[in-house]
Amino acid sequence: MMECTKCDREAVMHAAYSGNHRCERHFRESVERRVRRRVREDDLLPSTATPDDPQTWLIGLSGGKDSVVLTQILHETFAEDPRVELVALTVHEGIAGYRDKSVDACEELTADLDIDHEIVSYADEFDVEMDDVVESDPENMAACAYCGVFRRDLLSTYAQGYEADKLLTGHNLDDEAETALMNVLEGNVEQMAKHFDASLGAFDERREQAGMTPRAKPLRDIPEKEVALYAQLRDLPVHMAECPHSSEAFRGEIQDLLLSLEEAHPGTRHSIMAGYEELAAIAAERYRSAGSAADLNACAECGAPTTREVCRKCSLVDAVHAAE
């Protein structure tokens, strides 16, 4: 039996990147402390927020471990703080046998926490369902490519509708390190700059775009396995199944690479993000100085901010309908 590094209780986990063993109590405290530190360091709650003029934070709640843990910790942190109002939004993609169960988890959690919760669907909003999109596949793309565009559009649209000050998602350390490594290996410096301004940099260091709700990822310092263990230890309502249409080949290869590197060299994910954040900040400053940031127009079909005449979401929806 391994003892906790901070006390004599039995350890429930070992963080190889730090060498620490943690009992259940100190592990939970460690996760919560890192999330709250990220909230502070990214300046999610500005000094201008008051009980009379509170911040509204919209959480993208899928029912998976990441978004459930994020919602739980944020609720416990700000439940008694009148400067913050939490709202949860769940997107139903139309995947038979998958999303219905995760919606149940979302409803259980938000009822327990007494958080406002809304469920929206691709069927109601776009008259499409992902099962049908996968079958027709008019653009010859992976399912995640369609789904990501549709989901981001709905999160942004509803964040605007709620007049939310922040849009929060449950991306963890593994998610962010994978994205960072993909951008580096693809040599996509402009995407690194966009990543910084969209969700990576502290709010006082970003350049926000008009018509877009600022995003934040308070779980981005927590490894995926630690998020899963936290959810298990707290017996949170979580839907653990993987999406049956998940098929991002390149990201899957990067994920396998990172896992093997982390096993051989603990701390790799943290090191990648530390260096990547600095590089992304430099890239963002360079692209701003060069004036190369694209101007946003209103989509000709839905009015959403876009660099195109017709936004990517509308063009994909049109393609799906044309293929029916």
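Guide: Buried here means under 20% relative accessible area, exposed means over 50%, and partly exposed is in between (1.4 Å probe, protein chains only). This is a predicted model, so local features need pLDDT of at least 70 and side-chain atom pairs count only at pLDDT 80 or more, while totals for chains, interfaces and linings use all residues. Residues are numbered from 1 along each chain as its sequence is written, and side-chain values use heavy atoms, with hydrogens and water left out.

Visitor: Okay, Asn 172 then. Buried or exposed?

Guide: Asn 172 is buried, at 0% relative accessible area. Look for Asn 172 in the loop between strand 6 (166-168) and helix 7 (173-185). Helices (H or I, at least four residues) and strands (E, at least two) are DSSP runs, numbered from the N terminus.

Visitor: What is Asn 172 in contact with, leaving aside its neighbours within four places in sequence?

Guide: Asp 66, Leu 219, Arg 220, Ile 222, Glu 224 and Val 227. Contact means heavy atoms within 4.5 Å. Leu 70 sits 102 residues from Asn 172 along the chain, with 9.8 Å between their C-alpha atoms.

Visitor: Switching topic: which residues does the UniProt "binding site" annotation cover?

Guide: The unreviewed UniProt entry puts "binding site" on Cys 4, Cys 7, Cys 23 and His 26. UniProt positions follow the numbering used here, feature names are shortened, and annotations may be inferred rather than shown by experiment.

Visitor: How many residues do they span, and how far apart are their C-alpha atoms?

Guide: The four span 23 residues in sequence, but no two of their C-alpha atoms are more than 8.6 Å apart, so they gather at one spot.

Visitor: Where is Cys 23, and what does that residue touch?

Guide: Cys 23 is in the loop between strand 2 (20-22) and helix 1. Setting aside residues up to four places away in sequence, Cys 23 touches Cys 4, Cys 7, Arg 9, Glu 10, Ala 11 and Val 12. Cys 23 also counts as buried, at 1% relative accessibility.

Visitor: And where does His 26 lie?

Guide: In helix 1. His 26 is buried too, with 9% relative accessible area, and beyond its neighbours within four places in sequence, His 26 is in contact with Cys 4, Lys 6, Cys 7 and Arg 9.

Visitor: Which residues does UniProt list for the domain?

Guide: The unreviewed entry gives residues 3-28 as "domain: 2-thiouridine synthetase TtuA-like N-terminal LIM". That stretch is 19% helix and 23% strand, and its end C-alpha atoms are 16 Å apart.

Visitor: Back to helix 1. At what angle do the axes of helix 1 and helix 9 cross?

Guide: The axes of helix 1 (residues 24-41) and helix 9 (residues 224-233) cross at roughly 125° and come within 11 Å. That makes helix 1 oblique to helix 9. Axes are lines fitted to C-alpha atoms, for helices over the stretch in contact, and angles run from 0 to 180 degrees between N-to-C directions. Under 35 degrees is roughly parallel, over 145 roughly antiparallel, 65 to 115 roughly perpendicular, and the rest oblique.

Visitor: Which residues meet there?

Guide: From helix 1, Glu 24, Phe 27, Arg 28, Val 31, Glu 32 and Arg 34 meet Glu 226, Leu 229, Tyr 230 and Leu 233 of helix 9. The residues of this contact divide into five nonpolar, no polar and five charged. Ala, Val, Leu, Ile, Met, Phe, Trp, Tyr, Cys and Pro count as nonpolar, Asp, Glu, Lys and Arg as charged, and the others, Gly among them, as polar.

Visitor: What about helix 7 and helix 8, at what angle do they pack?

Guide: About 155°, with their axes 10 Å apart. That makes helix 7 roughly antiparallel to helix 8. Glu 176, Thr 179 and Asn 183 in helix 7 meet Gln 191, Met 192, His 195 and Leu 200 in helix 8, and the contact has two nonpolar, four polar and one charged residue.
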